[in-house]
Amino acid sequence: MKYFVNASIRGKIILITFFISLIVSIVMTSITAFKEFAHFSEAFEQRVQMEIQIISDNIGSALLFEDKDNLKETVESLFQDKAIVNVKVYDAEEHLFFELSSGAENIQPERIENIEKQIVVDGESIGIIRVDVFNHNLNEVIKNIIIAMFLNITISVVLAAILALIFQRLISAPILHLYSMSAQVAQTQNYGLRAEQYSSDEVGKLAAMFNHMLEKVEQRDEKLEKLVEMRTVELEKLADEFRHRAFHDSLTGLPNRAVLSERFTLAADQALRRSNKFACLLLDLDNFKTINDTKGHNYGDKLLVEVARRLKQTVRKEDLVCRLGGDEFVILLVGLRTLDALNIATRKILNVFSSDFYIKNERVKTGVSIGASLFPDHGESLNSIKRKADVAMYRAKDSGKNCFFVYTPDMQEDVKHRLMIQNDLVKALEEEQLVLYYQPKIYLKSNKVSGCEVLIRWQHPKEGFLTPAAFIPYAEESKLIIQLDYYVLRKSFETLKNWQSKGVSNTSLSVNLSGRHFTNFNIVKVIKEHLATYKIEPELLEIEITEAVLIEDPEVAQEVVSAIKKLRVRLSLDDFGTGYSSLNYLRTLPIDCIKLDHSFIQRIDISQQDRRLIKGIISLGKQLQIELVAEGVETESQLEILRALNCDYVQGYYFLKPVPETEFVEWLKRSEPFDPAQSA
Ligand SMILES: Nc1nc2c(ncn2[C@@H]2O[C@@H]3COP(=O)(O)O[C@H]4[C@@H](O)[C@H](n5cnc6c(=O)[nH]c(N)nc65)O[C@@H]4COP(=O)(O)O[C@H]3[C@H]2O)c(=O)[nH]1
């Protein structure tokens with residue numbers, strides 16, 4: 001039973017078919033054999049009965065007349081049938097009257113049957129005949145039946161086996177095929193396989209369902225594969241992006257600091273192996289901050305992208321251009337054999353900036369200051385090489401920008417000097433080494449001094465007398481400019497108070513403020529406090545601002561400027577004409593006055609174009625009710641041209657160079673109202 005339970009379907013079908021066929025054939029054969037045997041026995045008995053009946057009918061008279069010879073003769077005819085072995089005849093009193101035996105051998109006494117019949121004459125029984133019968137053929141018949149049964153069963157077994165095989169083919173083969181397909185699918189994960197559909201019965205339907213299921217799984221797999229493929233592509237893209245972001249500047253797409261450090265190491269190894277040099281160039285765009293803040297960050301970004309594109313196009317493939325942030329670019333020029341090669345490459349880079357840039361359909365010009373240092377001459381690590389390039393770049397900036405310098409050890413002195421100035425400036429502010437100088441501003445219509453500009457000077461203990469150019473840029477760099485301007489502002493209020501109390505003059509003072517003040521409202525607070533403390537009419541103070549006020553946060557800067565204006569302090573826009581969108585400022589900033597840069601005035605008597613420009617600015621100022629001061633007037637002809645152009649105010653060496661307070665007051669007393677003839 002256990003074997004059957006564990007057997008395969010195929011085995012089960014074979015076994016069931018075989019045994020059913022076998023049992024059926026045995027039962028059928030047995031029934032047939034039994035019927036055959038019964039039929040044979042019945043026929044035998046009928047025959048013998050008939051024979052005995054005939055004899056009993058014929059021996060009546062012989063028994064009646066006790067004629068034994070006749071009886072013997074009649075009875076002997078019975079022995080023609082080999083089955084009859086003994087005949088006994090009894091009279092009416094049942095006494096044995098006659099007996100006769102056939103004499104047959106091989107008789108098995110236990111299988112002898114007795115048949116008896118009444119001997120009737122004229123309807124009256126006169127005796128009995130008893131016959132012993134032995135069926136000789138019975139063994140033969142049984143043997144034949146057994147042989148027939150054996151043959152039947154053998155044929156049945158063979159037929160059952162054939163049938164079982166056919167059945168299993170018909171029933172189990174499709175199931176087994178399904179089984180082997182599912183095993184194959186499970187093993188290979190190939191959902192493209194399909195099972196044969198041999199029939200339309202349940203197994204056939206199962207195969208169809210199985211195929212349908214495979215199709216669904218295949219479709220789902222395909223979808224899943226596509227999805228996975230898409231996700232993989234997305235992930236790869238993302239990974240690429242992250243990789244790119246990790247090594248590139250997101251704005252310009254140029255390599256970043258990480259790549260620079262990697263490429264520096266490579267370039268250094270290569271240079272040492274090949275005994276050549278490579279250069280590290282540090283580039284800083286001139287006036288980028290002003291462009292960025294006047295035109296907007298988006299504009300500045302576009303300019304940086306264009307600069308990056310031009311730089312990349314200019315250098316060789318093996319060189320590296322990267323952006324470190326802001327407007328700071330670094331270029332590694334590799335494989336340099338001579339200093340000439342560096343000069344040529346750097347000039348090419350400078351040339352990139354000689355043609356104007358076109359951003360948002362607007363033309364813009366920017367220069368670049370380049371500092372260069374060489375590996376291994378100026379250092380062996382990226383830091384030291386970059387520091388040296390930085391020093392050289394400062395030299396380029398100090399030297400009027402848009403030029404390049406290769407680092408030399410003496411430049412280190414510049415750095416030391418800068419640091420020294422910055423350190424000393426802290427002390428200078430504490431010890432009041434800074435002195436205010438004054439330069440008059442003359443109102444041309446009345447030839448009267450209307451005010452003066454306060455300009456700082458430094459009596460340095462070691463360096464001697466310093467003009468702003470020697471320390472203001474360093475103060476700007478270190479933010480010391482804030483303290484410096486507060487110092488100048490306080491001193492200017494003291495001067496105004498002093499002049500007022502001594503009745504010197506009602507002259508206004510113009511104080512320069514760095515753009516750094518315009519990121520918060522602290523300066524407004526300071527001015528307000530001073531106005532209250534020194535009790536000075538706000539109109540006597542003029543604040544000179546440049547476009548640089550808008551450098552860090554233009555919106556806040558506008559608000560700070562407006563807040564100063566609300567205090568009724570005058571505002572003037574300094575260095576007008578050197579910036580980028582000065583005309584736009586005239587509308588947005590609440591200014592009272594424009595100070596035309598002296599670079600315009602210097603060419604006024606030789607350049608008709610400059611004259612036209614100044615005329616245009618003056619008439620624009622008049623329309624906007626903004627006064628105009630021409631700075632840097634050095635000659636009479638310049639003064640006359642400005643007068644003819646209807647300029648409001650003038651300032652310059654022609655009248656007076658910036659001088660200390662006492663000198664200025666004396667000059668003031670001497671020259672009121674100002675007589676141009678005396679000044680010459
Ligand atoms: N060639 C020539 N130059 C003339 C003539 N007339 C005047 N100047 C010079 O022109 C500059 C005018 O000042 P700025 O444009 O405000 O330019 C100033 C101003 O931007 C800055 N500065 C001066 N004092 C201060 C200060 O207290 N605070 C701040 N933040 N900046 C200051 O330093 C700059 C330079 O000041 P200075 O050297 O005093 O230079 C002054 C002045 O001496 C002339 O006829 N010809």
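Modeller: One definition to start: a crossing is left-handed if the near helix is turned anticlockwise from the far one by less than a right angle, and right-handed if clockwise. Helices (H or I, at least four residues) and strands (E, at least two) are DSSP runs, numbered from the N terminus. This is a predicted model: local features need pLDDT of at least 70, side-chain atom pairs count only at pLDDT 80 or more, and totals for chains, interfaces and linings use all residues. Residues are numbered from 1 along each chain as its sequence is written.

Biologist: OK, which handedness has the crossing of α12 and α14?

Modeller: The crossing of α12 and α14 is left-handed. Helix α12 covers residues 411-430 and helix α14 covers 480-502. They pack at about 25°, with axes 11 Å apart. Axes are lines fitted to C-alpha atoms, for helices over the stretch in contact, and angles run from 0 to 180 degrees between N-to-C directions.

Biologist: What do we call that arrangement of α12 and α14?

Modeller: Angles under 35 degrees count as roughly parallel, over 145 as roughly antiparallel, 65 to 115 as roughly perpendicular and the rest as oblique. So α12 and α14 are roughly parallel to each other.

Biologist: Which residues of α12 and α14 meet?

Modeller: From α12, Gln422, Leu425, Val426 and Leu429. From α14, Leu480, Gln483, Leu484 and Tyr487. Contact means that the C-beta atoms, placed from the backbone, lie within 7 Å. The residues of this contact are six nonpolar, two polar and no charged. Ala, Val, Leu, Ile, Met, Phe, Trp, Tyr, Cys and Pro count as nonpolar, Asp, Glu, Lys and Arg as charged, and the others, Gly among them, as polar.

Biologist: Now the sheet. In what order do the five strands come?

Modeller: The order is β6-β7-β5-β10-β11, in an open sheet with mixed pairing. Two strands pair if DSSP finds at least two bridges between them. The edge strands, β6 (320-325) and β11 (404-406), each pair on one side only.

Biologist: And how many bridges join β5 to β10?

Modeller: Eight, and β5 (residues 277-285) and β10 (residues 368-375) run antiparallel. Leu282 stands opposite Gly371 in β10.

Biologist: Which strands does helix α11 touch?

Modeller: Helix α11 (residues 382-398) touches β5, β10 and β11. Its direction makes about 145° with that of β10.

Biologist: Last topic. Which residues does UniProt list as "transmembrane region"?

Modeller: The unreviewed UniProt entry lists 12-34 and 145-167. UniProt positions are in the numbering used here, feature names are shortened, and annotations may be inferred rather than shown by experiment. In the model, residues 12-34 are 100% helix, with end C-alpha atoms 32 Å apart. Residues 145-167 are also 100% helix, with end C-alpha atoms 31 Å apart.

Definitions and conventions: Two residues are in contact if their C-beta atoms, placed from the backbone, lie within 7 Å.
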